[in-house]
Each structure stands twice: as structure tokens, then as C-alpha cells.
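Visitor: I have not seen this structure before. Could you walk me through parts of it?

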Amino acid sequence: MEQIVEKINAMLVAMGLTPSWADSLDQVIATLLIIFIAFIADLVCRHIILKLVHKLVKQTKATWDDIVFDRKVMIHLSHLVPPVLIYIFIPMTIEKEATLDFIQRICMIYIIVVFLRFISVFLSAVYHVYNQREQFRDRPLKGLLQTAQVTLIFVGGIAIVSILINKSPVVLLTGLGASAAILMLVFKDSIMGFVSGIQLSANNMLKVGDWIAMPKYGADGTVIEVTLNTVKVRNWDNTITTIPPYALVSDSFQNWRGMEESGGRRVKRSINIDMNSVKFCTPKMLDKYRRIRLLKDYIEETERVVTAYNKENGIDNSVLVNGRRQTNLGVFRVYLNNYLRSLPNVNQDMTCMVRQLQPTELGIPLELYFFSAVKAWVPYEGLQADVFDHVLAIIPEFDLHVFQNPTGEDFRSYKQLTF
């Protein structure tokens with residue numbers, strides 16, 4: 001490069017310039033030549049080399065090279081070529097130490113900024129590729145990406161400041177250590193979000209796509225995004241609720257993933273029976289129940305056992321309280337249990353029962369407790385509605401009555417009967 005400067009100087013002298021002017025201009029021209037070469041090198045990298053690399057990468061079956069040699073990533077990498085060339089060759093053209101030091105500092109700052117930008121884009125490319133894969137789709141990758149980007153900015157900022165003030169980065173880190181309390185206060189949310197994100201991921205507490213409910217924050221819906229500072233939940237009314245990640249660690253929330261991954265979704269609903277309608281079954285009632293397909297075997301078997309017991313113990317059947325007898329409520333409970341067992345959308349491998357709860361002033365609660373094999377919300381609600389439609393419609397067949405508070409129509413009917 002020194003020979004080039006000498007040739008430029010000789011050309012300037014030959015053109016009639018004085019040696020002093022030639023000595024001043026040859027450095028400027030050489031510097032401009034270096035900048036021009038750096039600019040040409042950048043164009044060659046972006047328009048020739050990158051296109052060749054891109055064609056080669058598309059011909060391979062591997063996916064990792066699609067990330068590394070992504071066009072956007074490589075363009076940012078190619079931007080490193082001009083400042084690096086200028087930084088290397090500029091000492092050969094400039095003799096003044098102050099000017100040289102200033103230019104090199106500017107070049108180094110630009111190199112750091114471009115390099116950090118390249119790393120950030122590269123990490124973003126990695127995130128987009130892995131976020132599309134099924135095994136990584138429910139991981140909080142965006143939070144990790146943002147954490148890495150914040151760390152890069154922090155490290156790059158320290159390096160740039162150290163270059164500007166011409167001090168070692170260690171000196172800055174020592175000073176930052178003294179002001180750690182202030183930094184923790186400023187970056188409190190980011191630090192807590194980062195730590196909480198690690199806890200949520202390590203303990204498998206939350207994933208993208210989970211259905212969660214957190215009434216304290218008005219959240220009840222699907223997690224759509226987990227970032228460094230927020231967890232976004234799309235509620236069932238299509239509103240968006242944002243929750244700080246540390247709130248999910250410090251407070252309690254309900255995650256429905258266990259239900260979705262299990263064999264069924266629980267149905268636990270009761271209906272109140274009027275206690276005044278409960279009575280012993282008469283032979284006429286039993287004959288009627290025998291004609292019900294789901295009760296035929298039960299009625300015959302139970303009647304055989306009851307008859308044998310009463311006969312062995314010499315029970316006087318003229319008094320209803322003596323011996324063993326079937327009740328319409330007991331038969332109805334067995335019917336409901338057999339009915340649930342016959343439904344294809346009820347998971348028969350999980351708990352399925354019909355039970356009586358504590359009687360209250362509102363009657364006897366008869367609870368249906370089973371698990372729906374259909375877990376999607378709309379079909380699940382449809383199954384519940386179908387089951388209780390049937391229950392309400394079949395109750396009169398067992399001479400039972402549903403308990404409910406009297407309405408205006410009840411009072412009008414009473415008045416008509418009275419007057």
C-alpha cells in the first residue's frame with residue numbers, strides 16, 4: 001500500500017503540483033481509494049458471492065445451512081467487509097496518530113454494531129425455524145430470544161462506551177458493579193421476567209397453546225405468546241390479556257393442559273329431586289320398569305334377591321316398612337348410571353357414577369359425575385346438554401318430580417284450583 005501512495009504522489013507531482021501539496025493529497029486519495037475498494041467488496045459479496053452461496057444451499061437437504069446462509073443473515077454479515085478493510089488498510093495511508101485513532105475508533109464501533117446486528121438476525125432466523133417445528137412450538141423460545149438480544153445490546157453498549165472513552169471494558173464493569181442496585185431497579189421487570197421464564201419452562205408450568213385461567217388478571221383463554229416481559233392470553237371473547245411472567249410464578253393459576261392431555265373432560269352436575277316424590281316401588285311400577293331395556297336385567301335380579309331375602313326372614317309384606325323393597329329413586333339412579341355407561345362419548349375407563357348428595361331445603365341433589373371423551377368446548381357442552389335434556393325428560397317416568405321454586409304460573413294454577 002505504501003508503494004501505491006508513492007505512485008499517487010509521483011502522479012500528482014507530474015501533474016504540476018508542488019511536493020507539499022502532493023504529500024497532503026496522496027493520503028486523501030489513498031484513503032478514498034480504500035473506501036472505494038471496500039464499497040466494491042461489499043457489492044461483490046452481496047450480489048455475486050451471496051447469490052452463489054444461496055443457490056448451493058437450496059440444493060442441499062439439510063436445514064441448518066438454511067439458517068446459517070439465510071439471505072438476510074448473510075447480508076448483515078457482508079456489511080462487516082467494508083469497515084474491516086478500512087480498519088486494516090487505513091494505517092498505511094494516514095500518518096497523523098490523532099486522525100488515525102479517530103477513524104479506527106469509528107470503524108471499530110461500526111464493526112461492533114454490525115456484528116451485533118448480524119448475531120441478532122441470526123438468532124431471529126434460528127427462532128423462526130425452530131418455532132415452526134412441532135416439538136418446539138410450545139416452548140417459550142421468544143423469551144429466550146429476547147433475553148439473548150438484550151444481553152447482546154448490553155455487551156455491545158459496554159464495548160462501544162469503552163472505545164469512546166478509551167478505557168478497558170473491565171473498568172466499566174467494575175463501575176457497573178458499584179451501581180448494581182440502580183441497574184437492578186431499572187431492569188427489574190426484565191430480570192424478573194427472565195428468571196420467571198426459566199422457572200416456567202424448567203417446571204413445565206406453561207406452554208404456548210395452553211388454556212389457562214387466572215381470574216386475578218381477568219385471563220381465561222389460550223396462551224398465544226410468551227415473551228421476556230409478558231405472557232399474552234387470548235380470552236374466549238377474543239380480547240387479549242397480558243400477564244407479567246413473574247405473576248404466574250408468585251400467584252396461582254389454573255392450567256387446563258392436564259385435562260386436554262388426559263382421556264376425558266369432567267362433567268359434574270346435579271339435579272334436585274323433590275323428596276315428597278320418593279316412594280317404594282309397587283308391582284305395577286316394577287312391571288313398567290322391566291320394559292325399559294337398560295333396567296330389565298337389574299329389576300329382575302334385584303327382585304329375585306329381595307324376594308328371597310323376605311321369604312327367608314318371614315317378612316310380612318302387608319306392611320311396607322318391613323323387609324327390603326326397591327324405591328323409585330334408587331331405580332332411577334341405576335337407570336342413569338346404565339344410561340351413562342351406554343353413551344359412546346363418555347369415557348368408560350374413567351370415573352363414572354350417579355350419587356346422592358346431602359339433602360337440603362331444595363330437595364335431594366342427584367349428581368352425575370363422569371368424564372366426556374370429547375374435550376373440545378362446543379361438543380363438550382353439547383354432550384352435557386343432551387344428557388340433562390334426557391334426564392329432565394325421563395324423570396316423570398319414575399314418578400319423581402324435579403324440585404324448583406314456585407313461579408307465577410304455579411300460583412295462577414293454584415288459584416284456579418282453589419277458587
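**A helix and a pocket**

Guide: Start with α14: at 1.5 Å a residue, its 17 residues should span 24 Å, and its end C-alpha atoms are 24 Å apart, which agrees. The expected span is 1.5 Å times one less than the number of residues in the helix. Helices (H or I, at least four residues) and strands (E, at least two) are DSSP runs, numbered from the N terminus. This is a predicted model, in which local features need pLDDT of at least 70, side-chain atom pairs count only at pLDDT 80 or more, and totals for chains, interfaces and linings use all residues. Residues are numbered from 1 along each chain as its sequence is written, and side-chain values use heavy atoms, with hydrogens and water left out.

Visitor: Which residues of α14 are buried?

Guide: Ile299, Thr302, Glu303, Val306 and Asn310. Buried means under 20% relative accessible area, exposed over 50%, and partly exposed in between (1.4 Å probe, protein chains only).

Visitor: Where do they fall, seen down the axis of α14?

Guide: Within an arc of 105°, so the buried residues line one face of the helix. The arc is that of the directions from the helix axis to the C-beta atoms. In general, an α-helix has 3.6 residues a turn, so residues three or four places apart point the same way.

Visitor: What do the buried residues of α14 pack against?

Guide: They pack against α13 and α15 (328-342). Contact means heavy atoms within 4.5 Å.

Visitor: And what is on the face turned away from the buried side of α14?

Guide: The exposed residues Asp297, Arg304, Lys311 and Glu312 are carried there. After α14 comes Gly314, with a positive phi near 60°.

Visitor: How many residues line the second largest pocket?

Guide: It is lined by 15 residues, and Glu303, Val306, Asn310, Asn317 and Arg325 lie nearest its centre. α13 (283-290) and α14 (296-312) are the elements that give two or more residues to this lining. The largest share, five residues, comes from α14.

Visitor: Where is Ala373?

Guide: Ala373 sits in the loop between β8 (364-372) and α16 (377-394). Its relative accessible area is 35%, which makes Ala373 partly exposed.

Visitor: What does Ala373 touch?

Guide: Not counting residues up to four places away in sequence, Ala373 touches Gly263, Asn345, Val346 and Asn347. Ala373 and Ser262 are 111 residues apart in sequence and 9.3 Å apart in space, C-alpha to C-alpha.

Visitor: Another loop, then. Is Asn238 buried or exposed?

Guide: Asn238 is exposed, at 57% relative accessible area. Its loop runs between β3 (231-235) and β4 (240-243). Asn238 is not a glycine, yet has a positive phi of about 70°.

Visitor: Last one: how many helices and strands has the chain?

Guide: The chain has 17 helices and eight strands. Of its 419 residues, 32% count as buried.

Conventions: 1 Å grid on protein atoms, 1.4 Å probe; cavity = no way out; pocket = protein on both sides within 12 Å on 5 of 7 lines; lining within 4 Å.
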